Amino acid sequence: METRNIVVLTGAGISAESGLATFRGPDGLWEGHRVEDVCTPQAFARNRALVQRFYDERRARLAEVEPNAAHEALARLDSEWRGELLIVTQNVDDLHERAGARRLLHMHGELKSAWCIACGIRTRWEASLGDGPDCPGCGKAATLRPDIVWFGEMPYGMERIDAALARADLFVSIGTSGAVYPAAGFVQSARHYGARTLELNLERSEGSAYFQETRLGAAGTLVPDWVGEMLG
Ligand code: BV8
């Protein structure tokens with residue numbers, strides 16, 4: 001079957017070779033924190049300073065890292081692929097866009113976006129939020145939270161993602177453990193809609209059984225090879 005429309009899902013594994021920590025490190029902690037202490041609305045309500053610091057540190061880290069060969073290969077696919085393409089990322093870093101990707105959707109939000117809990121506006125944000133800056137929209141102080149989708153919150157772009165999966169001929173998952181929903185369920189939707197499914201990951205994931213093909217290895221190697229195949 002000819003491939004015209006592609007959906008790509010990326011996770012923390014695609015940014016690992018750029019030096020950013022993955023979500024589930026070997027010790028099960030994430031940058032030294034338990035997930036429930038930093039990645040839920042309850043955690044933010046309970047210990048705002050800790051959560052703001054956790055995201056301020058990760059936002060500041062972005063200036064120290066660069067996109068890797070996998071991000072660059074996907075950006076090349078984005079600029080040269082004549083059919084439809086949507087890169088859905090669970091990552092909140094800005095490495096895909098810095099590599100040049102355009103047809104990109106951050107389903108879990110972005111470190112470089114802030115969300116005002118008073119007036120609701122979302123605004124580009126590069127600095128820290130822990131010191132309670134004024135909202136550029138309503139002017140209120142200390143009302144900005146990270147524009148990040150925490151556990152129990154609705155991911156962004158779900159209708160757009162489902163529409164893309166419904167039209168996809170090929171679904172490719174890169175660098176994700178398949179542990180977090182709804183992203184982990186996309187492969188099942190893709191198969192339901194009749195798309196072929198390919199997984200590129202360092203190790204088998206919780207979703208590997210659902211993929212028609214799994215290639216094991218580092219994204220920095222597997223993704224440029226796959227993009228080369230697609231662009232002939
Ligand atoms: C929602 C925030 C509903 C950003 C994140 C029970 C069953 C099923 C589901 C649930 C359940 N109980 C609760 C739920 C729902 C819950 C969920 O799925 N929980 C899990 C833990 C069971 N999901 C949610 O709450 C979601 N929301 O369901 O809302 C709703 C409905 C109506 C109205 C309102 C709400 C929200 C989920 C989003 C949570 N936010 N992050 C941030 O701070 O980063 S998720 C978090 O995990 C990260 O964003 C990360 O992106 C994501 C997934 O992790 P991965 O990206 O896969 O990273 P990980 O480290 O796990 O894996 C890395 C992989 O890469 C590994 O496989 C590794 O081998 C590989 N790798 C490493 N190096 C390389 C490599 N591969 C290639 N090359 C390399 N070099």
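The ligand is surrounded by 35 residues, the closest of which are Arg24, Gly152, Thr176, Ser177 and Tyr181, a residue being taken as near a molecule if one of its heavy atoms lies within 4 Å of it. The model is a predicted one, in which local features need pLDDT of at least 70 and side-chain atom pairs count only at pLDDT 80 or more, whereas totals for chains, interfaces and linings use all residues. Residues are numbered from 1 along each chain as its sequence is written, and side-chain values use heavy atoms, with hydrogens and water left out.

By class, the shell around the ligand comprises 19 nonpolar, eleven polar and five charged residues, where Ala, Val, Leu, Ile, Met, Phe, Trp, Tyr, Cys and Pro count as nonpolar, Asp, Glu, Lys and Arg as charged, and the others, Gly among them, as polar. An N or O atom in the side chain of Tyr55 lies 2.7 Å from an oxygen atom of the ligand, and a polar side-chain atom of Arg58 is 3.0 Å from a ligand oxygen atom. In Glu153, a backbone N or O atom is found 2.8 Å from a nitrogen atom of the ligand. Of the 1,500 Å² of accessible area that the ligand has on its own, the protein covers 73% (Shrake-Rupley method, 1.4 Å probe).

Ser205, in the loop between S8 and S9, counts as buried because its relative accessibility is 15%, the limit for buried being under 20% relative accessible area and that for exposed over 50%, with partly exposed in between (1.4 Å probe, protein chains only). Leaving aside neighbours within four places in sequence, Ser205 is in contact (heavy atoms within 4.5 Å) with Thr176, Ser177, Gly178 and Glu199. The side chains of Ser205 and Glu199 make a polar contact of 2.4 Å, that is, a pair of N or O atoms within 3.5 Å; within protein, one must be able to donate a hydrogen and the other to accept it, and residues adjacent in sequence count only if both atoms are side-chain atoms.

Arg124, by contrast, belongs to strand S5 (residues 122-124) and is exposed, with a relative accessible area of 52%. A polar contact of 3.0 Å joins its side chain to that of Glu110. Helix H9 spans residues 219-231, helices (H or I, at least four residues) and strands (E, at least two) being DSSP runs numbered from the N terminus. In H9, the buried residues are Ala219, Gly220, Leu222, Val223, Trp226 and Val227.

Definitions and conventions: The expected span of a helix is 1.5 Å times one less than its number of residues.
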